[in-house]
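Thank you all for coming.

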Amino acid sequence: MKMYDVVPGFEFDEKVDLEKSPAWFLDATHSVPPWTPMFGWFWINFCRHGMQYGAEKLSLPTVKGWDWRFKDGGGYLTLNLVMDEEERKARGVRFREAIRPFIDDYDGLWGGYINEMLGHYKRLKSCNVESATNAELLANFEDTINVCRRMWEIHMHMMYGVDTAFILFENICKDALGIDDTHPTFHDMLRGFDNKVFQVDRELWKLSKKAEEMGVADTILNSSSGEALTSLGESEAGKKWLGHLKVLLDEDGWRMQRMAEINLPAWVEDPTPAIASVKFFLKQGGDFNLDKEREGLARRREEATKEVLDRIPQDQQGWFKMLLGLAQKTGAFSEEHNHYLDLYTHSLMRRSCLAIGKRLVAAKVIDHPEDTFFLMPDEMRAVTLVPDGFNLRHIVDRRRKEWKEWCSRENPPAILKEGFTMDDAMGVLVQSNDPIALKVVVGSMPVPKPELNADLYGICGSGGVAEGPARVIMQEAQLDEVQKGDILVAASTAPSWTPVFGLLNGVVVDRGASLSHSAIVSREYGIPCVINVFEGTSKIKTGQRIKVDGNNGVVYLLDK
Amino acid sequence: MGSDYQYILWFEECSRKALPIVGGKNANLGEMLNAGIRVPPGFAVTSKGFQRYMDGAGLWDVVRESVAGMPPDDIKAVSRAGAEIREAILSTPIPNDIRAEVVSAYVSLCERCGRRDLPVAVRSSATAEDLAEASFAGQQDTYLWIWGSDAVVTATHQCWASLFTDRAITYRMKAGFPQDGVYISVGIQKMVNSRSAGVMFTLDPITGDRSRITIDANWGFGESIVQGMVSPDSFIVAKRPLSIKQSIIGQKDQMFVANGCGTMVTAVPSDQQVIPCISVSEVMEIAEMGLCIEKHYGCPQDIEWAIDKDLSFPENLFSTQSRPVTAAGKKDLGKEVMKESGKGDADHIIDLMLKGFGR
């Protein structure tokens, strides 16, 4: 069989693509480390589709979503700018109506989408992957592709809408009230809300209490997370407790360890990360600390809101409160969409690929079910119904070899046309006024403050000051090493890391924006967080004492 | 401290209760100290001293005789009476025991500041009870850069006499206060030997944002900032939690320095022009003091502060003046985002979003 490109039609082609746009940016948040070919195919096709769909559905005046390319496992993006003034105006007129549902009935809009997606997931899950025929598995695979496409449509329609509102709120606070997004009052107004990710954590906390009642807490505490599953399976009480865990995970365990990839097990397959979370709660003891935090935060929120409202004339308070309400939803959405959208869909993509993979292994087409991550959907289509006589090992081997090579080096942060500088490129991003680009890609760049004499300069993700030993974590599997009082240092954090925050005194991440996971969760836990320090994981060593000053957005290395 | 003194109260002892004998200015300094707000150290010569002096020397009779039957708008008569009274006072020496207490307190103050012949400011502080708020500000004299025991005693004496300046006499006559019912206290306070100084607003004077403190600073005395002579170092500090949000280091080419009898302008050495004139911990301490003062007075304040060379941190940071910020600094929500009446809230939000895309 002849080999095709990894993402046909969207492989980066320097000659053609630099003509289309002079600057392509690496999506470092999602495609570092590099994607497997199958996941890359899904992302490049459908994230791209979703962004264009979302921007068009909202008729954003300045941008028509993003274009994406695949290069060496990296996702490279550029913006589809609306250059023509007349066109911008016309799009603005349609935007007026299109954005309205976000303001009039945010909960109805998002709630409706959640229900729709849960319906799709239910249908996909109803396929019994053990007993289904190959034809049914292929139908499930095609359905998964469609669900992924739809997920990205919803994802980007929502995200463009809420981020537009959030940016407006940020600008009003900054320009009209003098409170920027590094200001504690700003964060105080937005935090102290529950969301689905916290709710799942609360259930896991309850399971930690149950483990204590059932006498299996020590088994969990004394074994490494990897072994805990086996140790628990050896006792009756342990088995019973695992039964409780299964009930929870069947409902809420459709999430991946890595945010944007399918090559690691979902929780529902391998509950090790869930058990690790339970272990964190056991180590920490006491109540579910988020609930306790939240009471205080909600009180602070009332105060901060009042403080700001006091400065707003009576006749202007109506719209301000309405906008504030929408901005407050944004934090919850930023966390919760991962649960209902990306992570859930990705876990079902994995499930579908592995199910077909098993059949292909049985038919000796490939060696391992996971080899499907190195195939393309067209190849899956070609061999799933009648696998007899096919051998795709050479394709898998060659792509895996390439993938390993991608993983061994770093993709450049941007690919620029000759004569086009990074500053020019950033200028284009800013000019786009693209809400997602502004919150995710550009973010706020740290400004060095020499008078603070700090070792690392970032921006405030969450206020406060804390000192403690650093714990540099490069991947989720290491989370087990975290001790109470540590300061987490990571490239970035993901939703499955949330329970660890309860043990932490502070957080430092290389990349992030005010709406990134580490910042939102730190605010909810009331611990300082400095984001965008860029060199945190390379300059800080585990065990080193560091001081995180979230207020000033800087980090001090106390023993050098 | 001053327990052995009959006529002296250290500022720390000048509570509101002491107002009748130390006057408004000194009581205010005492109140600030008690609220944890540092002011340059010093003491009050209470009005008891003045009273004993006037009574003992029969000077009240001179006052009454000089002003008897005088119409308030007869400038010449007022001027003549004032001159007579002041002459009588200045030619009557201060009793030895009072003089000894003033000298002794001054010497203690010098020791406390680690300097012989410490320059001080000598100010009168009116005590007329009904005038607690109707300030006599500017109606009596203030003597700056006074140093040495004799000079301090002389300045005190002159302060007493200044209760009878032409303006003060006229003011009392017009306000219906008796000329022989007012007493005077004198405050003797260290002149700040300013290393760096400036002003602070406990809000952002541009946006009116009350969650921030702004600080401007230059080397030397604060006059250079008040007069806008240099581009100062400026700092924005968030109040809660207290943290520096922005620092801009200015080009500070000139400063005011002390020359023994006042201040004068001089060039800042070139190596100091572009380095911060206050450290991070000093910025934080100044801001902390701002919070304390704002809390004490219950509203945003415009504060003059200075850092003293003679004392050590943080005891060397002083508030030298504090007044409420006038309404001018309270610009809230900008006009450009205001909704017109009659427009729907959602429509207004959408208008703003569209404006945002057009930025």
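By a polar contact I mean a pair of N or O atoms within 3.5 Å, where, within protein, one must be able to donate a hydrogen and the other to accept it. Please keep in mind that what you see is a predicted model. Across the interface of chain B and chain A, there are 6 residue pairs in polar contact, with both residues at pLDDT 80 or more. On the side of chain B that touches chain A, the elements that give two or more residues are β9 (243-248) and α11 (345-357) of chain B, and α11(B) gives the most, with 12 residues. Sorted by class, that side of chain B has 14 nonpolar, 8 polar and 11 charged residues.

As for charge pairing, the interface of chain B and chain A holds 3 salt bridges, and the side chains of A:Glu307 and B:Arg240 meet in a salt bridge at 3.6 Å, N to O. In overall extent, the contact takes 33 residues from chain B and 46 residues from chain A, and the area buried between the two chains is about 3,600 Å², of which carbon and sulfur atoms give 60%.

Let me turn now to one residue in chain A. A:His30 lies in helix α2 (residues 28-31) of chain A, and its side chain makes a polar contact with the side chain of A:Asp27 at 2.8 Å. Is A:His30 buried or exposed? A:His30 counts as buried because its relative accessible area is 19%, and the cut-off for buried is under 20%. Leaving aside residues up to four places away in sequence, A:His30 touches A:Trp35, A:Trp43, A:Arg258, A:Met259 and A:Ala260.

Terms used. Residues are numbered from 1 along each chain as its sequence is written. Chains are lettered from A and ligands numbered from 1 in the order in which they are written. This is a predicted model: local features need pLDDT of at least 70, side-chain atom pairs count only at pLDDT 80 or more; totals for chains, interfaces and linings use all residues. Side-chain values use heavy atoms; hydrogens and water are left out. Contact means heavy atoms within 4.5 Å. Buried area is the accessible area (1.4 Å probe) that two parts lose on being put together, summed over both. A salt bridge is a side-chain nitrogen of Lys or Arg within 4 Å of a carboxyl oxygen of Asp or Glu. Helices (H or I, at least four residues) and strands (E, at least two) are DSSP runs, numbered from the N terminus. Ala, Val, Leu, Ile, Met, Phe, Trp, Tyr, Cys and Pro count as nonpolar, Asp, Glu, Lys and Arg as charged, and the others, Gly among them, as polar. Buried means under 20% relative accessible area, exposed over 50%, partly exposed in between (1.4 Å probe, protein chains only).
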